[in-house]
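Student: Could we go through this model together, starting with the overall dimensions and then moving to the packing?

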Amino acid sequence: MKQLTCVFLLVLLLGACKLNTHKTLPIYGNRQAVNKIVNGQTITDTLYQTIPAFKFVNQYGDSISSKALDNHIYVADFFFTSCPSICPVMQRNMLNVYNAYKDTADVKIISYTIDPKYDSVPVLKKYADKLGISGNTWWFLRGDKDAVYDLAAKSYLVGVSQDSTAAGGYVHQGYFVLVDKQKRVRGSYDGTDPKQVDQLIADIKTLKEEPIKQ
Amino acid sequence: MKLKIISGICLLLAVLIWSCQSEQAIEFDRYYSSGMGVYQTHCLNCHGAEGQGLAQLIPPLTDTVLLKKNKNSLPCIIKNGLINKITVSGKLYDGTMPPVALSPIEIAQVLTYVGNSFGNKLGLVNTDDVIAYVNNCKN
């Protein structure tokens, strides 16, 4: 009986160990050390790279600033509606993310168009309708082209460019970028690979369970 | 001993049947497997691994009746793309399909693949027929 109790306790202990090991996602981008004064004492803190402020328009014609994403976990990608190459497979995979989190208030999906000239608000709305997207979980954002390209290259670290020799006229990488509630990049996934997108869906859950450091 | 003889005969029969496979069947297999490669390179992104399409943006390739009815115009759709509205499995699609730069033999291969996958049973689509059709494209 005593032995049995020992085994039982051991199993319980191991189980507890497992419960406490939370997976933490890495924080991407540049970082710098800053000194700040808290309660009269100088302490060193780490300043992480974050997604800078922006102001664009979504598929409903609403003005969306980056403030709307405060306290939201979100996934960002870059596309254009007339894209003949990797976009369909990316959107097919992004639909899985959408279906997993469409009823979760603090998770959003942001698709930035890299062809704002053609992708007007009505074009984006029609595209969203045809994909079967409604509500405010998944926004298709349109804005100043230079601002979008700048965000892609410097903040989300996704390559985009205009290229008249490419099919559709634009070239872009198919990454899905995971951003946390403090606007830090926490993951980057190949949006054309269903396995990596499954990992993204799992990582959003991990991120949701992460305690917010004040 | 008896078992060995029986299994030997069975093996012989299997080899005989295998070698008797008609020229046509071998050609079909060749077209079908090459067509799978062409499909993966040029079609899969949009039409999907199961020919399922994408919501109401890209039509599926699973409407067997439609494909059978329009079998002869499929080579032209691949060569020149599609701008007209199209109803597939009861749903309207009004996007455009870009032209796909394929040789007649590649068109024949991919149509043999699509035409005998996703529920379709169109049989072999041969290169000579494809050449004849693409020379008479209306669009």
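Tutor: Gladly; the radius of gyration is taken over C-alpha atoms, and the globule rule is 2.2 Å times the number of residues to the power 0.38. By that rule a compact globule of 139 residues would have a radius of gyration near 14 Å, but chain B has 19 Å. This is a predicted model, in which local features need pLDDT of at least 70 and side-chain atom pairs count only at pLDDT 80 or more, while totals for chains, interfaces and linings use all residues. Residues are numbered from 1 along each chain as its sequence is written, and chains are lettered from A and ligands numbered from 1 in the order in which they are written.

Student: What box do the C-alpha atoms of chain B fill?

Tutor: Taken along the principal axes, the box for chain B is roughly 70 × 35 × 25 Å.

Student: And how many helices and strands does chain B have?

Tutor: Chain B has 7 helices and 2 strands, where helices (H or I, at least four residues) and strands (E, at least two) are DSSP runs numbered from the N terminus. Along the sequence of chain B they follow the pattern α-α-α-α-α-β-β-α-α.

Student: At what angle do α2(B) and α6(B) pack?

Tutor: Helix α2 (residues 23-42) of chain B and helix α6 (residues 104-114) of chain B pack at about 95°, with their axes 7 Å apart. Axes are lines fitted to C-alpha atoms, for helices over the stretch in contact, and angles run from 0 to 180 degrees between N-to-C directions. α2(B) and α6(B) are therefore roughly perpendicular to each other (under 35 degrees counts as roughly parallel, over 145 as roughly antiparallel, 65 to 115 as roughly perpendicular and the rest as oblique).

Student: Which residues of α2(B) and α6(B) meet there?

Tutor: Among them are B:F28, B:Y31 and B:Y39 in α2(B), and B:V110, B:Y113 and B:V114 in α6(B), with contact meaning that the C-beta atoms, placed from the backbone, lie within 7 Å. The residues of this contact of α2(B) with α6(B) divide into 10 nonpolar, 4 polar and 1 charged (Ala, Val, Leu, Ile, Met, Phe, Trp, Tyr, Cys and Pro count as nonpolar, Asp, Glu, Lys and Arg as charged, and the others, Gly among them, as polar).

Student: How far apart are the axes of α6(B) and α7(B)?

Tutor: The axes of α6(B) and helix α7 (residues 127-134) of chain B are 8 Å apart, at an angle of about 110°, which makes α6(B) roughly perpendicular to α7(B). The contact is made by B:P104, B:I105, B:I107 and B:A108 of α6(B) and B:T127, B:V130, B:I131 and B:V134 of α7(B). By class, this contact of α6(B) with α7(B) has 7 nonpolar, 1 polar and no charged residues.

Student: Switching to chain A, what is the order of the strands in the open sheet?

Tutor: The open sheet of 5 strands has the order β7-β6-β5-β10-β11 (chain A), with mixed pairing, and two strands pair if DSSP finds at least two bridges between them. The edge strands are β7 (138-141) and β11 (185-190) of chain A, each pairing on one side only.

Student: How many bridges join β10(A) to β11(A)?

Tutor: Strand β10 (residues 175-179) of chain A is joined to β11(A) by 5 bridges, and the two run antiparallel; A:Y175, for instance, has A:D190 in β11(A) as its bridge partner.

Student: Which strands does α5(A) lie across?

Tutor: α5(A) lies across β5 (73-79), β6 (107-113), β10 and β11 of chain A, running at about 165° to β11(A).

Note on methods: Two residues are in contact if their C-beta atoms, placed from the backbone, lie within 7 Å.
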